[in-house]
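Please keep the sequence and the three-dimensional view at hand while reading.

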2 protein chains.
Amino acid sequence: MSQVLREHIQQLVPLSDEEFAYVLAHFTPRKFRKHQFLVQAGEAVSADFFVVSGLLRSYFTNDEGKDHILQFAMEDWWISDYQAYFGQAPATLSIDCLEPVEVLCLSLENREKICADLHKMEHFFRKKSNAGYMALQRRILSLLTNNARQRYEELLRQNPALFQRVPKTLLASYLGVSRETLSRFSA
Amino acid sequence: MSQVLREHIQQLVPLSDEEFAYVLAHFTPRKFRKHQFLVQAGEAVSADFFVVSGLLRSYFTNDEGKDHILQFAMEDWWISDYQAYFGQAPATLSIDCLEPVEVLCLSLENREKICADLHKMEHFFRKKSNAGYMALQRRILSLLTNNARQRYEELLRQNPALFQRVPKTLLASYLGVSRETLSRFSA
């Protein structure tokens, strides 16, 4: 599973075999079954998760018990409750597996260590954070300016793979529409 | 105006006089009058802007000519169209001045240069980007889960200074509610 991570990093920075071995030694591989939790609201967040295989979601459960999906993640993506991870605070999100999942876990301590030791890894994580920032900004603009059908079509265009793998009920939760509304769009 | 930038950077990383002089040399100071534009939709984005004094907003204008405010920025904050800045693409946002403004402008080329030359500046910008990512994630959760009155109260709690300086019409645009609805909240 380390090859997926190496190719992912090398899209942004070149790494020698020694450098990659050093980086990889700071990750812990873990496997989860479908429905298992990587993060549970209220608990500490141990890691940022690089997805080697499988599909996950992060979501917020409001006071009335309604779930709002913040993010999906599949191969080659990162997922965590970043507020809790970077801020070392209890999670407000939950993250669970929609498929069996293999991840590489990076603790905050190890992240800071490899960034301090290897300038090029600090560069890598800065670039990833910038890309994540841009994606969230697009999502906010979409929430502010697009109606439900436009958000549906945007998601279909940006992430067609999600529509093959994610149950319609969960896509509806991500888009903030009812299951019935979503069915009308995809009919 | 350089002292504001130095204190801002030194909240995260210590800099010697020589290092700060080197960093500062990559910024260009500019002044704008109220109503002037730093970024106009459709045009190239020259810089990321560090605000030394004054108040700005970034906004998206939809096909019907309706503005949606994405962000405000005041002293000590950064503002740009990051999609356009990092992606070297034409702006989709506009940024204009709600008050007279002094900014320090950082081109993408200069940002990359100081990050490559000074590991601690790469660290600084990674940390800023992480903080920005967390703020946007909070905003998305707020848009997905809170009603208009809750979003109003959250903004008042997080940024009381905005309520002193920003016209109610613009706060309403940021919150995605009508001016009349906002008046009921603040009554």
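## The nonpolar core

In the largest nonpolar core, which has 96 residues, Ile9(A), Met121(A), Ile9(B) and Met121(B) touch the most other members. The model under discussion is predicted. As background, nonpolar side chains in soluble globular proteins tend to be buried together.

Met121(A) gives a view of the contacts in this region. Leaving aside residues up to four places away in sequence, Met121(A) touches Ile9(A), Leu15(A), Val23(A), Ile114(A) and Cys115(A).

## An annotated span in chain A

An unreviewed UniProt entry carries the annotation "domain: Cyclic nucleotide-binding" for residues 30-116 of chain A. In the model, this span is 17% helix and 43% strand. The C-alpha atoms at the ends of residues 30-116 of chain A are 25 Å apart.

## Helix α5 of chain B and its partners

Two packed helices are described by the angle between their axes and the distance between the axes. The following pairs share helix α5 of chain B, which comprises residues 119-145.

Helix α4 of chain B (residues 108-117) crosses α5(B) at roughly 125°, and the two axes come within 5 Å. Because of this angle, α4(B) is oblique to α5(B). On the side of α4(B), the contact involves Arg111(B), Ile114(B), Cys115(B), Ala116(B) and Asp117(B), which meet His119(B), Met121(B), Glu122(B) and Phe125(B) in α5(B). By class, this contact of α4(B) with α5(B) consists of five nonpolar, one polar and three charged residues.

How does a helix of chain A pack against α5(B), and at what angle? Helix α4 of chain A (residues 108-117) packs against α5(B) at about 150°, with the axes 10 Å apart. The helices α4(A) and α5(B) are therefore roughly antiparallel to each other. From α4(A), Arg111(A), Glu112(A), Cys115(A) and Ala116(A) meet His119(B), His123(B), Arg126(B) and Lys127(B) in α5(B). The contact of α4(A) with α5(B) contains two nonpolar, two polar and four charged residues.

Helix α6 of chain B (residues 148-158) also packs with α5(B): their axes come within 9 Å and cross at roughly 155°. This angle makes α5(B) roughly antiparallel to α6(B). Arg138(B), Ser142(B), Leu143(B) and Thr145(B) of α5(B) form the contact with Gln150(B), Arg151(B), Glu154(B) and Gln158(B) of α6(B). The classes in the contact of α5(B) with α6(B) are one nonpolar, four polar and three charged residues.

## Two residues within helices

Lys127(A) is located in helix α5 of chain A, which covers residues 119-145. Its relative accessible area is 23%, so Lys127(A) is partly exposed. Apart from residues up to four places away in sequence, Lys127(A) touches Leu12(A) and Glu112(B). Along the sequence, Lys127(A) and Leu12(A) are 115 residues apart, while their C-alpha atoms are 7.9 Å apart in space.

Is Thr181(B) buried or exposed? Thr181(B) counts as buried because its relative accessibility is 18%, and buried means under 20%. Thr181(B) belongs to helix α9 of chain B (residues 179-186). The C-alpha atoms of Thr181(B) and Arg149(B) are separated by 8.8 Å, although the two residues are 32 residues apart along the chain.

## Loop residues of chain B

His35(B) is in the loop between β1 (27-32) and β2 (37-39) of chain B, and at 58% relative accessibility His35(B) counts as exposed. Gln88(B), likewise not a glycine, has a positive phi of about 50°. Gln88(B) is placed in the loop between α3 (82-87) and β7 (94-97) of chain B; with a relative accessible area of 58%, Gln88(B) is exposed.

Ala41(B) occupies the loop between β2 and β3 (48-53) of chain B. With a relative accessible area of 47%, Ala41(B) is partly exposed. Residues up to four places away in sequence aside, Ala41(B) touches Ala91(B), Thr92(B), Leu93(B) and Ser94(B).

Methods: Residues numbered from 1 in each chain as written. Chains lettered and ligands numbered in written order. Predicted model: local features only at pLDDT ≥ 70, side-chain atom pairs only at ≥ 80, totals over all residues. Heavy atoms only, no water. Core = buried A, V, L, I, M, F, W, Y, C linked by side-chain atoms within 4.5 Å. Buried < 20%, exposed > 50% of the residue type's maximum accessible area, 1.4 Å probe, protein only. Contact = heavy atoms within 4.5 Å. UniProt positions renumbered as here; feature names shortened; annotations may be inferred. Helix = DSSP H or I, 4+ residues; strand = E, 2+ residues; numbered from the N terminus. Axes fitted to C-alpha atoms, helices over the stretch in contact; angles between N-to-C directions. Parallel < 35°, antiparallel > 145°, perpendicular 65-115°, else oblique. Nonpolar A, V, L, I, M, F, W, Y, C, P; charged D, E, K, R; others polar.
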